[in-house]
Each structure stands twice: as C-alpha cells, then as structure tokens.
Amino acid sequence: MNPNKLLWEKGDFTIIAKTMRQSGTELVSTFGIQPGMKVLDLGCGDGTTAIPAALLGAHVQGVDIATNLVAAGNARIKAEQVPYCSITEGDATDLRDLGSESFDLAVSIFGAMFAPRPFDVAKELVRVVKPGGRIIMGNWIPGDPTLVAQILRISSAYTPPPPADFVSPMLWGVEEKVTERFTAAGIDAKNIRFTKTPFTFRAACSPAEFVHQFRSFYGPTMNAFEAAEKNGKADELQHELEALFESQNKSGDNSQTVVTATFLLVEATK
Ligand SMILES: C[S@@+](CC[C@H](N)C(=O)[O-])C[C@H]1O[C@@H](n2cnc3c(N)ncnc32)[C@H](O)[C@@H]1O
C-alpha cells in the first residue's frame, strides 16, 4: 500500500479542514478566478478551496489521493449543490487521467507539497496547465515560528528518523527549492513569485481540545502520538502541543481557538 495515501486516509482530515474554511475561501478570492475558467485543485481534500473556486464560477476539477476525502468532498459538493465541481482520486506525482494543457489555473493549497517526488509533481503541474496559465501553491515554511511548522517540528522530535531517501514536504516552503523544481519543469525563474501569506485556523473549542482533534484525526499527528506512546512520551508531546496552541491562540477566549499561521504562496506562470 502507498504510504503517502495511507497517511492521508488515516483519521479524518475533514475535522481539521472545518477549521480552515473561512481562510480557504478568502484565499481563493485573491486568485483572480473568472467565470468559466478551468481550474485544477490538486490535493484538494474535502474541497476547502475547490468549492469556493467553483462558487466564483470556475469549472473545477479536484484531485486527491485519499479515497475518504474524495468521497467527503463530493458529498459536500452534492449537499451544497455546487455547480461545475467534482473530485476524483489521483496522485500528484502522476496525473495520467488529466490531459496536457487543460487548465487555466492549477491550485494546490497544502496539498501537493505532501506528495513524494517533488520534481514529478512540478512536471505534472506544468504539463496540465495551458501556455500562459498559472500555478498557485500554498506551502508551509520550514522553521517558521507559526503553528503548522511548529506542530511538524515538535512532532518530528517524537518520531523515528525518516528513511535516508525521504524528501521533506517542507522543502516546498523554501524559495530556492521551488525555483529549482519549476525551472526543471520548464518555467522561467522570472515567472515565479513568492509571498509570505497568513492563513487562520478557527476552531470552536479550546486550544487543548483542538490539540485533541489533531491527535485523534490528523494523520501526521496521530503517527507522532503512536510513536511517542511506544516511548512513554505521549503526555510530554500533548503538553508541548498544548503550550504551542495556547501561546498562539489570539481569540482572547479559552472556548475558541484562532491561530494564524504563515505559508509561502507560490505563483508561477507558464
Ligand atoms: C493538509 S491536507 C490539505 C487539503 C486541502 N487542500 C485543504 O486545504 O484543506 C493535504 C491533502 O493533500 C492530499 N495529498 C497528499 N499527497 C497527495 C498526492 N500524492 N496526490 C494527491 N493528493 C495528495 C491529502 O490526501 C490531503 O487531502
């Protein structure tokens, strides 16, 4: 079984995705989407960005590796009667079902960064976009002091070291690496722009309960807790994450968690 697929089918990412809806919608509103535009949302999860893009009039094809998230996204599309939006299962490293030069815009917000073989991902994103079309990625930044990079940093201290050939997803948050990958896929470096951008998680629960949601439903954090439990360190990990979430909560109310994390917005034009 593909470990990349197993990781994202683990737990239930939709629980975390619910806390990302408002920022996802606000982010999509900055993409210059016009009615009728053909948009690919790669690693779309349950549609946090695919659905608002379709509501702006785009014809959206979502692709995700996790069967459960594809089903959850399509259920949302049906329930909300979203026009011109569907999600299919696929792997960002090999978009064999998508024709070359099919999309005006390919979006991947915290999605394709998690696929292995980043040069293949860049090649596929560039292949499926029309000449003059755009690619927009949202990637977490290694070493950044805000929430997501810190969750991953703290968790990695409790998990066994990855295999020697493992390429960290966080390298998609390093400008030089992104440039190297997209130029190898044929994009001119002067056509790639980078902007550090805020993204806010909003959970209707305390920071401790929000940590509990990550522990129970978010594959990477579930794995970190499983490894920590084996070493009798699960409580330590829980306390470190609670301290992180509490220190970053700006809601001013312990029954709500509002945390803004910074990511690297990448915009490449073919
Ligand atoms: C952190 S979630 C983000 C989901 C969504 N973009 C959002 O903003 O809510 C990462 C997503 O990337 C998907 N993913 C991971 N590896 C993938 C791959 N190789 N191909 C396609 N999707 C992938 C996961 O299944 C998951 O839905």
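The largest pocket in this structure has about 1300 Å³ of space. A pocket here is an open set of points on a 1 Å grid over the protein atoms alone, with protein on both sides within 12 Å along at least five of seven lines. Volume is the space filled by probe spheres set on the points, with grid points joined across faces, edges and corners.

Before going on, the ground rules. This is a predicted model, where local features need pLDDT of at least 70, side-chain atom pairs count only at pLDDT 80 or more, and totals for chains, interfaces and linings use all residues. Residues are numbered from 1 along each chain as its sequence is written, and side-chain values use heavy atoms, without hydrogens and water.

Helices (H or I, at least four residues) and strands (E, at least two) are DSSP runs, numbered from the N terminus. By class, the pocket lining has 23 nonpolar, nine polar and seven charged residues. Ala, Val, Leu, Ile, Met, Phe, Trp, Tyr, Cys and Pro count as nonpolar, Asp, Glu, Lys and Arg as charged, and the others, Gly among them, as polar.

Of its 33 lining residues, Gly 43, Ile 109, Phe 110, Gly 111 and Phe 114 are the closest to the centre. Elements giving two or more residues to that lining include helix H1 (3-9), strand S1 (38-42) and helix H7 (147-156). The lining divides into 22 nonpolar, eight polar and three charged residues.

Where does the ligand sit? It is in the largest cavity, by the criterion that more than half of its atoms lie within 2 Å of the grid points. The ligand is surrounded by 20 residues, the closest being Asn 4, Gly 43, Asp 64, Ala 92 and Ile 109; the cut-off is a heavy atom within 4 Å. This shell has 12 nonpolar, six polar and two charged residues.

Taken alone, the ligand exposes 590 Å², of which the protein buries 99%; areas come from the Shrake-Rupley method with a 1.4 Å probe.

Last, the second largest cavity, with about 40 Å³. Its lining includes Val 28, Phe 31, Asp 41 and Thr 49.

Technical notes: On a 1 Å grid over the protein atoms alone, a cavity is a set of points where a 1.4 Å probe fits but cannot get out, and a pocket is an open set with protein on both sides within 12 Å along at least five of seven lines; lining residues have an atom within 4 Å of a point.
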